[in-house]
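Hi,

Here is the structure I promised to pass on.

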Amino acid sequence: MTIDQLNAMKGRDEKFSSITAYDFSFAKLIDEAGIEVVLVGDSLGNVVQGRDTTIPVSIDEMAYHTAAVKRGIVDSLLISDMPFMSYATPTDAMRNAAILMQAGAQMVKLEGGEWLEETVYQLTERGLPVCAHLGLTPQSVHKIGGFKIQGREPQAAAKTVADAQLLEQAGAQLLVIECVPASLGKILASELNMPVIGIGAGPDTDAQILVLYDMLGISPKLPRFSKDFLQDTDSVITALKNYAKQVRNGAFPGPEHSFFE
Ligand code: KIV
């Protein structure tokens, strides 16, 4: 899977799916299920390490999990999260993104808006593909004041769209948008050329992403925007395939998984 193929899917109005993975065995199953994009998320801080936030996750830990996931993947596009403070300056970003790319990532994901314009430009100029991440950005949880819906006010929604456009112009090739009203997810997908991957952003983004342990019902508390796909089957690969199918045919996410103003 390449970014060109994802762009072509957006052009044909074909939805694609994405899931987080942290190890070889699950990555292999996700790849075999035909999920187009695999993210080594820094959510590993929560679901693998049992921490309250993603803030303690280090670049070495991200590289370790990226290398493990890479060994399980044949077809999917592999994105890795840049962890907290690993891209505080463009120089930090280039050094740390190189570590993830050398571990096997094909793209890196960074949380933040306007302040990342120069960093995204410098990374992409040097051949490092970038996925932007806006809306609820968990690495900023203490600044935001909790894990809550973003972009509800018209001004905040407009700022999110402006930031996304700026980052696209700077070179970003994918956007993850997390926990925003469905109306904002829809606007982003129509205003941007790059594919928009939503999580808690309604049904109208170009793609969906879920945290693996949520969609397998392993997480202690299922977020409202997620769904336990293992509830109707006792096979993990069937659950993964059902998720991909329901994203493709628009059955997931439903209104019960979306936020409205
Ligand atoms: O770290 C992660 O798992 C993520 C997804 C929630 C998009 O960034």
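By class, the lining of the largest pocket comes out as 19 nonpolar, 8 polar and 11 charged residues. Here Ala, Val, Leu, Ile, Met, Phe, Trp, Tyr, Cys and Pro count as nonpolar, Asp, Glu, Lys and Arg as charged, and the others, Gly among them, as polar. A pocket is found on a 1 Å grid over the protein atoms alone, as an open set of points where a 1.4 Å probe fits, with protein on both sides within 12 Å along at least five of seven lines; lining residues have an atom within 4 Å of a point.

Before you go further: this is a predicted model, where local features need pLDDT of at least 70, side-chain atom pairs count only at pLDDT 80 or more, and totals for chains, interfaces and linings use all residues. Residues are numbered from 1 along each chain as its sequence is written, and side-chain values use heavy atoms, with hydrogens and water left out.

Back to the largest pocket. Its volume is about 870 Å³ (the space filled by probe spheres set on the grid points, which are joined across faces, edges and corners). It is lined by 38 residues, and N46, E178, V211, D214 and P223 are the closest to its centre. At least two lining residues each come from α3 (44-47), β4 (107-111), β6 (174-178), β8 (207-210) and α10 (212-215); helices (H or I, at least four residues) and strands (E, at least two) are DSSP runs, numbered from the N terminus.

So what takes up the space of the largest pocket? The ligand does, going by the rule that more than half of a molecule's atoms lie within 2 Å of the grid points. Around the ligand (a heavy atom within 4 Å) you'll find residues including T20, L39, K109, H133 and E178. That shell splits into 4 nonpolar, 4 polar and 4 charged residues.

Now the polar contacts (pairs of N or O atoms within 3.5 Å). S43 has a polar side-chain atom 2.5 Å from a ligand oxygen. For D42, a side-chain N or O atom is 3.0 Å from an oxygen of the ligand, and D81 also has a side-chain N or O atom 3.0 Å from a ligand oxygen. Taken alone, the ligand exposes 260 Å², and the protein buries 95% of that (Shrake-Rupley method, 1.4 Å probe).

The second largest pocket has a volume of about 670 Å³. Among its 23 lining residues, G112, G113, T137, S140 and K143 are the closest to the centre. The largest share of that lining, 4 residues, comes from α8.

Cheers

Terms used: Polar contact = N/O pair within 3.5 Å; in protein donor to acceptor, adjacent residues only side chain to side chain.
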